[in-house]
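Have a look at the model first.

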Amino acid sequence: MSDVSYDHVDLPIRDEVVAAQQLVWKHIAKSGTWLTGGERVSIAAETRAALNCDLCTERKAALSPFAVEGEHDHLGALVPPMVEAIHRIRTDPGRLTRAWRDGLAAEGLDDERYVELVGTVASTVAVDQFCVGLGIEPFPQPAPVAGEPSYYRPDGLSHERAWVPLINPKTVGPNEADLYANSTGAYIRQAMSLVPDEVRGFFALVASQYLDAEQMHDVGTEYRAITHAQIEFVAARVSALNQCVY
């Protein structure tokens, strides 16, 4: 299995960042809740490949992505609705629609696998962009680990507030109580709660590369080399560039 290491980087990288990224890389390699390790690693690979897709480039430049038809340049390991989901999420997330998501569902990409795919894409991008920021090549993808998905479905799901079912913080069960611990249970934490392990993996990165839930609201203490205000300024600018309406 490929490991995450910054021993070759002439900059101080916090141990908690390395530990979180190693955890997520191992998480991607293993069978998850609804997808196998092979599928998850293929999703990570396709996430990277999407940046070189001609169709995605044409769609990004078009007034509407739905005005451009064609086939994605893809690696051939995943079914078409998964490829479409990965490429659109990676290259043009600001223009996703409910109708688009419903179309993927009609093609067989159910809510559970869609959410796990989103989590894998998001975690891959978070680690890769950390490398980009340092001016180094992204790490090799991990080798998939054999095993079967758990097919675990949590309690406390609500179908009323989003494109996919979410766990309402007011009805969260004991097995998922950690998802909202020390937080307000904001929608960004609820977004992938249909597949709780994707929330855990992604927010391990958030806590190390950004701030954890308690630190975020403790504006009287500065936990990083830059201040809360500076962190939020960077976050707001990145969100605007990526058309993140959150």
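Axes here are lines fitted to C-alpha atoms, for helices over the stretch in contact, and angles run from 0 to 180 degrees between N-to-C directions. Keep in mind that this is a predicted model.

Q: Why is α4 called oblique to α6?
A: The axes of helix α4 (residues 80-91) and α6 cross at roughly 40° and come within 10 Å. Angles under 35 degrees would count as roughly parallel and 65 to 115 as roughly perpendicular, so α4 is oblique to α6. The crossing of α4 with α6 is right-handed.

Q: Which residues of α4 and α6 meet?
A: With contact taken as heavy atoms within 4.5 Å, α4 contributes Met82, Ala85, Ile86, Ile89 and Arg90. From α6 come Arg113, Tyr114, Leu117, Val118, Val121, Val125 and Gln129. The residues of this contact divide into nine nonpolar, one polar and two charged.

Q: How do you know that the span of helix α6 agrees with its 24 residues?
A: At 1.5 Å a residue, helix α6 (residues 111-134) should span 34 Å, and its end C-alpha atoms are 35 Å apart, so the two agree. Just after α6, Gly135 takes a positive phi of about 75°.

Q: What describes the packing of helix α1 and helix α2?
A: Helix α1 (residues 15-29) and helix α2 (residues 37-49) pack with their axes 6 Å apart, at an angle of about 115°. In α1, Trp25, His27, Ile28 and Ala29 meet Gly37, Arg40, Val41, Ala44 and Arg48 of α2. This contact of α1 with α2 has five nonpolar, two polar and two charged residues.

Methods:
Residues numbered from 1 in each chain as written. Predicted model: local features only at pLDDT ≥ 70, side-chain atom pairs only at ≥ 80, totals over all residues. Heavy atoms only, no water. Helix = DSSP H or I, 4+ residues; strand = E, 2+ residues; numbered from the N terminus. Expected span 1.5 Å × (residues − 1). Nonpolar A, V, L, I, M, F, W, Y, C, P; charged D, E, K, R; others polar. Parallel < 35°, antiparallel > 145°, perpendicular 65-115°, else oblique. Left-handed = near helix turned anticlockwise from the far one by under 90°.
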